[in-house]
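Please read the points below with the sequence and the model side by side.

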Amino acid sequence: METVNSGTGPRSTPVPTKTSALAGAPSSDAALLTGSRTPPAQTTVVADIRKSRRRIVWTAISAFLITNFLMFLRFFFPRTLLEPSTKFRIGYPSDFGPGVDERFKQSHRVWVVRRPDRLFVIYGKCTHLGCTPNWIESENKFKCPCHGSGYDMEGRNFEGPAPRPMDRAFVELDAEGQIVVDTSRLSTCPPGGECQFETNPNSYLIVS
Ligand code: FES
């Protein structure tokens with residue numbers, strides 16, 4: 001508190017100083033008196049906005065880092081095609097009647113063909129460019145949908161651009177008498193070369 005001498009006498013009028021005024025004022029008034037232009041409520045809102053912004057930025061950074069980390073981990077798990085086993089059992093010779101059996105075409109890409117004296121397994125891959133032909137029962141032939149090659153019931157080409165017969169998968173009987181097919185080993189009949197269909201005993205099974 002300061003005193004001001006009016007010049008007319010010994011009496012002086014007390015003038016409140018800034019400090020003394022602040023002492024008894026409410027905090028909001030104090031903020032105004034000290035020159036602060038931001039009231040407390042507004043300060044809180046600004047702080048909340050900053051906090052939200054920080055949270056968004058950190059969330060984005062975390063998502064980015066996690067994505068990159070997962071992509072890094074992906075290198076250790078290369079994509080693999082889960083293909084069916086190339087060696088599998090198809091049942092007993094008595095399970096197959098005369099003609100072409102299509103039961104294993106979808107799962108293993110083979111037809112089981114039973115003729116009067118033998119049984120063999122044709123690998124369903126056209127020898128032109130590798131499409132899978134269809135068996136057409138009414139015409140008694142395999143027909144390739146890609147460029148029209150035709151094969152007879154034994155898989156021998158007779159029309160279209162196919163240069164040779166379709167291959168045959170190796171077959172054998174296991175200890176129980178079931179037929180085991182192995183499509184990783186094929187018996188072929190190259191054009192102008194030795195045809196293995198008759199000479200390779202794994203090309204067929206004798207049935208009666
Ligand atoms: S791929 Fe079969 S005829 Fe061309």
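1. Two strands are said to pair if DSSP finds at least two bridges between them. Helices (H or I, at least four residues) and strands (E, at least two) are DSSP runs, numbered from the N terminus. S6 and S11 are antiparallel and are joined by two bridges.

2. Some notes on the source are required. This is a predicted model, in which local features need pLDDT of at least 70 and side-chain atom pairs count only at pLDDT 80 or more, while totals for chains, interfaces and linings use all residues. Residues are numbered from 1 along each chain as its sequence is written.

3. The protein chain contains five helices and 13 strands. Of its 208 residues, 19% count as buried. A residue is buried if 20 or more other C-beta atoms lie within 10 Å of its own, exposed if 12 or fewer, and partly exposed in between, with C-beta atoms placed from the backbone. Two residues are in contact if their C-beta atoms, placed from the backbone, lie within 7 Å. Among contacts in the protein chain between residues at least 6 apart in sequence, 38% join residues at least 24 apart.

4. Helix H3 covers residues 40-74. Strand S5 (residues 110-114) presents another picture: four of its five residues are buried, so S5 is largely enclosed by the rest of the structure. Strand S4 (residues 99-101) pairs with S5 in the antiparallel sense through three bridges, and Gly 99 has Arg 114 of S5 as its bridge partner. S5 is also joined to strand S6 (residues 118-123) by five bridges, again antiparallel. Within that pairing, Trp 111 stands opposite Ile 122. Three residues link S5 to S6 in a hairpin.

5. Strand S12 (residues 179-187) pairs with strand S3 (residues 87-91) over four bridges, in the antiparallel sense. Here Lys 87 faces Asp 182 of S12. S12 also pairs with strand S11 (residues 168-173), antiparallel and over six bridges. Ala 169 has Leu 186 as its bridge partner in S12, and Glu 172 stands opposite Val 180. S11 and S12 form a hairpin with five residues between them, and Gly 177 in the turn has a positive phi of about 90°.

6. Strands of a sheet pair through backbone hydrogen bonds, either parallel or antiparallel. In what order do the four strands of the open sheet lie? The order is S7-S8-S9-S10, with antiparallel pairing. Strands S7 (134-136) and S10 (157-159) are at the edges, each pairing on one side only. Strand S9 (residues 150-151) is joined to S10 by two bridges and runs antiparallel to S10; Gly 150 has Glu 159 as its bridge partner there.

7. Which residues have the most contacts inside the largest nonpolar core? That core has 21 residues, and the residues in question are Val 110, Val 121, Ile 122 and Val 171. S5, S6, S11 and S12 are the elements that give two or more residues to this core. A nonpolar core is a set of buried Ala, Val, Leu, Ile, Met, Phe, Trp, Tyr and Cys residues joined through C-beta atoms within 7 Å. Leaving aside residues up to four places away in sequence, Val 110 touches several residues, including Phe 104, Val 121, Ile 122, Ala 169 and Val 181.

8. Thr 127 lies in the loop between S6 and S7. Is Thr 127 buried or exposed? Thr 127 counts as buried because 23 C-beta neighbours lie inside 10 Å. Not counting residues up to four places away in sequence, Thr 127 touches Asn 157, Ala 162, Pro 163, Arg 164 and Met 166. Thr 127 and Asp 167 are 40 residues apart in sequence, and their C-alpha atoms are 8.2 Å apart in space.

Key:
The expected span of a helix is 1.5 Å times one less than its number of residues.
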